[in-house]
Amino acid sequence: MQQTELAQQAVADVVQPGDIVVDATIGNGYDTLFLAQLVGPAGTVFGFDIQSAAIQETQKRISEFAGRAILFQSSHAELISHLPRGIVGNVAAVMFNLGYLPGGDKKCMTTTESTLEGLRQALELLRAGGILTVLAYPGHRGGDEEAAAVESFLDQNAPHGTLVKQTVADKPAAPRLFIYRQ
Ligand SMILES: C[S@@+](CC[C@H](N)C(=O)[O-])C[C@H]1O[C@@H](n2cnc3c(N)ncnc32)[C@H](O)[C@@H]1O
């Protein structure tokens with residue numbers, strides 16, 4: 001099973017219909033669509049991406065479920081400022097899939113600084129029992145530093161829940177998945 005599927009499986013074990021969830025890097029919208037189906041008509045997905053191409057592609061992909069998703073062309077470093085008051089501590093899941101938009105501009109990729117700020121805010125948003133998934137790509141330019149920073153941040157800042165790290169043995173450049181339960 002691919003790391004993207006493992007992340008979705010972990011999220012599916014936690015999220016219930018009616019929940020509020022966040023896709024912090026919507027990209028081509030596959031995770032947004034997955035989340036919109038999971039939360040059902042009573043739930044809400046808040047999605048973030050800095051690229052207009054990602055917003056447009058995701059709007060097309062989720063058109064059937066458009067009423068369940070609110071998309072922002074903004075950095076996940078500003079998650080909380082865009083979300084309704086009262087949402088802090090009530091979010092069931094936050095998904096990060098780092099790197100660049102597949103098929104898009106490879107120069108427009110996540111950076112360590114904004115990723116760590118996004119993670120800090122994501123931990124604030126999560127409810128008790130909520131889940132955070134981060135898929136990092138050490139094989140991308142700058143991705144090794146970002147993946148190491150994510151690991152060290154989660155080791156230090158998420159001490160009260162459980163942190164699972166999925167790696168591929170003997171392949172240091174393979175994607176790394178972090179799954180944190182609050
Ligand atoms: C690997 S893609 C995400 C794939 C997506 N989860 C999907 O299912 O198709 C990474 C995305 O992160 C976006 N991104 C880069 N920096 C960002 C930031 N600071 N805030 C939000 N999104 C960002 C990129 O534009 C890109 O679309």
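Modeller: Start with helix 5, residues 112–125. Helices here are DSSP runs of H or I with at least four residues, strands are runs of E with at least two, and both are numbered from the N terminus. At 1.5 Å a residue, the 14 residues of helix 5 should span 20 Å. The expected span is 1.5 Å times one less than the number of residues. The end C-alpha atoms of helix 5 lie 20 Å apart, so the two values agree.

This is a predicted model: local features need pLDDT of at least 70, side-chain atom pairs count only at pLDDT 80 or more, and totals for chains, interfaces and linings use all residues. Residues are numbered from 1 along each chain as its sequence is written.

Now see what helix 5 hides. Its buried residues are Thr115, Gly118, Leu119, Gln121, Ala122 and Leu125. A residue is buried if 20 or more other C-beta atoms lie within 10 Å of its own, exposed if 12 or fewer, and partly exposed in between; C-beta atoms are placed from the backbone. An α-helix has 3.6 residues a turn, so residues three or four places apart point the same way. The cover over the buried residues of helix 5 includes strand 1 (20–23), helix 4 (79–82), strand 4 (91–97), strand 5 (126–136) and helix 6 (143–157).

Follow strand 1 from there. Both of its faces are covered. Ile20 and Val22 are buried on one side, Val21 and Asp23 on the other. Strand 1 pairs with strand 4 in the parallel sense, over three bridges. Two strands pair if DSSP finds at least two bridges between them. In strand 4, Val94 is the bridge partner of Val22. Val22 also stands opposite Phe46 in strand 2.

Strand 2 (44–49) is next. Six of its six residues are buried, so strand 2 is largely enclosed by the rest of the structure. Thr44, Phe46 and Phe48 are buried on one side; Val45, Gly47 and Asp49 are buried on the other. Strand 1 and strand 2 pair in the parallel sense over four bridges. The chain crosses from strand 1 through helix 2 to strand 2, and this β-α-β crossover is right-handed. Right-handed has a set meaning: with the strands pointing away from the viewer, the path from the first strand over the helix to the second runs clockwise.

Strand 2 also pairs with strand 3 (residues 69–73), again in the parallel sense, over five bridges. Asp49 has Gln73 of strand 3 as its bridge partner, and Gly47 stands opposite Leu71. Strand 2, helix 3 (residues 52–61) and strand 3 form a right-handed β-α-β unit.

With 21 C-beta neighbours inside 10 Å, Leu71 counts as buried. Beyond four places in sequence, Leu71 is in contact with Ile26, Gly47, Ile55, Thr58 and Gln59. Contact means that the C-beta atoms, placed from the backbone, lie within 7 Å.

Last, the ligand. Helix 2 (30–39) and strand 2 each supply at least two residues of the shell around it. Of the 23 residues there, Thr25, Gly27, Tyr30, Asn97 and Leu101 come nearest. A residue is near a molecule or strand if its C-beta atom, placed from the backbone, lies within 6 Å of it.

How values were computed: Two residues are in contact if their C-beta atoms, placed from the backbone, lie within 7 Å.
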